[in-house]
Amino acid sequence: MNKNYYAVLMAGGVGSRFWPISTTDYPKQFHDMLGTGETLIQKTFQRLNKFVPTENILILTNERYNDLVLEQLPMVSQEQVVLEPAMRNTAPCILYAALKIQKMNPNGVMIVAPSDHWIEDEVAFAKDVTACFDKCEKEKVLCTLGIKPTFPNTGFGYIEFDKSDENQIKKVNQFREKPDYSTAKEFLVQGNFLWNAGIFMWSVKTIVDAFKEYQSTQFNLFHDGLSCLNTSEEKDFIAENYPKAENISIDYAILEKSDAIFVLEATFDWNDLGTWGSLFDKLNKDNMGNAVVNAQLSAEDATGNMIRTPKDKIVVVDGLKDYIIVDKEEVLLIYPKAKEQDIKKVLNSVKENFGDKYA
């Protein structure tokens, strides 16, 4: 394996749209959402570990999830778990991780990848990432993977690339915000738009230099503690200074400002597993079109349902179509798939009426 290859596995999110399984104390990346026997973070680690050395994979997460990470990934050391003492979006944590890697290996190239995505063809994934790594080692560029749209999705941001660029890895014209339906349809017609999967590759030098140029205040905040990073003094420095960092995404902080962004259209199937509906789409279905995780289902006139329960629980459903049915200890959710975007509102209502212990 190439010792210059590094990965930053982003594992700090809460995944509230997967409530009641995903909660603040135990979010979705630490659950076996697909019923495969492995959690999402375990599957993501293994995917990256096919081409990135074990010791070069950093897990970036919130302090409260430190023990969960070490429990589920026993092959990593405490030093590989990079803890955020405060929620500050993606830019500060990426800069923090990049500076740590640069101090370890100035020649490092890194991938930033979410811990909760579904990718089936892991060989194609590795090939795409290493193709971007090659470009990042030779040129001062920032690369991302884009997903070819299969329908006019309004839930994703889009990447517009240069139509005239005949290279495999194409120049990005601009990042586009989540569009309305008519705009999304127009994107598909134009043919040079990809979904933004939030997977990025660059050399540590290029991304650190980009922060220095476009986010000087943020850069100085972390760079002032460079001597502390990867030492026993790091924790105290981060505890004091990380909360001072601006709450800003990598997209706004760097990608929308730089003119050296390139995109490779992914050659693998991808799903961000952001909702129960997206999980339903990727799971195998029974002969009535129901997706079942863990449960033993007896169904009559029941189609298109997403059903998840504790292991081997018997579920009897009659006359229900296109519903989410999730049974978890003290909470039972029975909710229309068509309204899944409202689950966050339901969660807030549950907090108000029954307290935070269920959230």
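By class, how many nonpolar, polar and charged residues does the lining of the second largest pocket have? The model is a predicted one. In it, the lining of that pocket has nine nonpolar, six polar and six charged residues.

The second largest pocket has a volume of about 460 Å³. A total of 21 residues line this pocket, and those closest to its centre are Gln78, Glu79, Val81, Lys100 and Glu234. Two or more lining residues come from each of β3 (81–84), α3 (90–104) and α8 (234–241). Among the contributors, α8 gives the most, with four residues.

The structure also holds one cavity of 30 Å³ or more. The volume of the largest cavity is about 40 Å³. Its lining is made up of Thr44, Arg47, Leu48, Ala113, Pro114, His117, Ile119, Phe125 and Ile199. At least two of the lining residues are supplied by α1 (40–49), and likewise by β4 (109–114). With three residues, α1 gives the most to the lining of the largest cavity. Sorted by class, that lining has six nonpolar, two polar and one charged residues.

The table sets out the volume and the lining classes of the two spaces.

| Space | Volume | Lining by class |
|---|---|---|
| Second largest pocket | about 460 Å³ | nine nonpolar, six polar, six charged residues |
| Largest cavity | about 40 Å³ | six nonpolar, two polar, one charged residues |

Conventions
Residues numbered from 1 in each chain as written. Predicted model: local features only at pLDDT ≥ 70, side-chain atom pairs only at ≥ 80, totals over all residues. Heavy atoms only, no water. 1 Å grid on protein atoms, 1.4 Å probe; cavity = no way out; pocket = protein on both sides within 12 Å on 5 of 7 lines; lining within 4 Å. Points joined across faces, edges and corners; volume = space filled by probe spheres on them. Nonpolar A, V, L, I, M, F, W, Y, C, P; charged D, E, K, R; others polar.
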